[in-house]
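Morning, everyone. Please have a look at the model on the screen. I will talk about its pockets, its ligand and its domains.

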Amino acid sequence: MGHSERAHALLSASGAHRWLVCTPSARLEEQFPDTTSEAAAEGTLAHELAELKVRNFAYPAGFGKQKLAAGIRKLKKDKLWQDEMQGYTDDYLEYIKASALAFQSAPYIAVEKQVDLSGYIPDGFGTADCILISGRILHVIDFKYGKGVPVSAEENPQMKLYALGAYTAYSMLYPIEKVKLSIVQPRLDSISEWECSLGHILKFGGYVKQRASLAIKGEGPYAPGVNQCRFCRAKAVCRARAEKNVELAFAVTEKPALLENGEIGEFLQKGEDVAKWLEDLKDHALQESLAGREVPGWKAVEGRGSREWTDMDAAFAVLQQHGTPEALLWERKPLTLAQVEKTVGKKEFAEYVSEYVTKKPGKPALVKASDKRPAITNKITAEEAFKEEMKS
Ligand code: SF4
């Protein structure tokens, strides 16, 4: 079955971060069409390419070079094909190869394995991109083609569900005790890894069972929050999310005129979803207005248009005939460093020109305390202040 034709379970593994937290969301979402974006279709194509490569690596006898080449030729005909998919899927394959080598003995490899989750979720199943097992270790690897934000493997519900499904499928054959979860996001140069005991995964299974029994009936309280609402199909018109954000944005208190840092931290955390919610609401109101349904106080208008050539070559030829030199009509621009690296390949880039590359520190950014990067400050340390004093 192609990746795009796969059925989605009502309580899907990829949506678990939502329905585990906001149990009535899955039933509420059923009222809205499950639309797919171009980015998602592009991800599906990249997954199909990745699958071919991993199959060729894992089962060279049954899926040899010719089958791989024929499969790639077919995928290249897709209108969403981009040559850069080759490099990114190679990165994923390299990670799988390195992970397989890290085992003491050659692991069993399952590619695009549909795992049964019905022991935890009514009619539940999921598809794990790659499963490696040897001895006591189960390693589940997920390929994400998105380039939005890096996704962490740590306590990732989707990954933990795949691990539960893989354990169900293989526990009779392997004495699994340890679980490793990895998310490979080559377009962000991000690989996130996390390990835990089998006991931790099984305990999570107990929690899933409880939450799924509520979610399947659409029961339990709504629990709005930035992570769970982000891709919820009900996000624009969900009353619980609206009320929570209105309360956060417009709450009136009798406290002192100025905020303390403690309150600022709390507001930033609580209000994270407010701006996103307003954007979702605006998008929805625009769609409603365009469909001819009234949203009191608002209307859809035509945005500012932009001019385009109908025939640029002809226009330039006329300009040149009238004395404009060609050099003035074209601009020669170097590729960015990242584009050059993509063009020549990572290895060649490192070999030939890495000595000409330096890393400038990035602009200070505010992130959550859980971020792995060390905190920075402008504050001068006592040691630096002493050095400055000695200089003057
Ligand atoms: S928008 Fe948020 S609160 Fe509403 S159903 Fe979806 S996840 Fe739950």
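The second largest pocket holds about 410 Å³ of space. That volume is the space filled by probe spheres set on grid points, which are joined across faces, edges and corners. A pocket is an open set of points on a 1 Å grid over the protein atoms alone, with protein on both sides within 12 Å along at least five of seven lines; a cavity is a set where a 1.4 Å probe fits but cannot get out; lining residues have an atom within 4 Å of a point. Keep in mind that this is a predicted model, where local features need pLDDT of at least 70, side-chain atom pairs count only at pLDDT 80 or more, and totals for chains, interfaces and linings use all residues. Residues are numbered from 1 along each chain as its sequence is written, and side-chain values use heavy atoms, without hydrogens and water.

What lines this pocket? Among the lining residues are Gly362, Lys363, Pro364 and Arg373.

Now the ligand. The space it takes is the largest cavity.

The domain centres, taken over C-alpha atoms, are 32 Å apart. Still, 10 residues of domain 1 are in contact (heavy atoms within 4.5 Å) with nine residues of domain 2.

Terms used: A molecule sits in a cavity or pocket if more than half of its atoms lie within 2 Å of its grid points. Domain bounds come from an automatic or database domain assignment.
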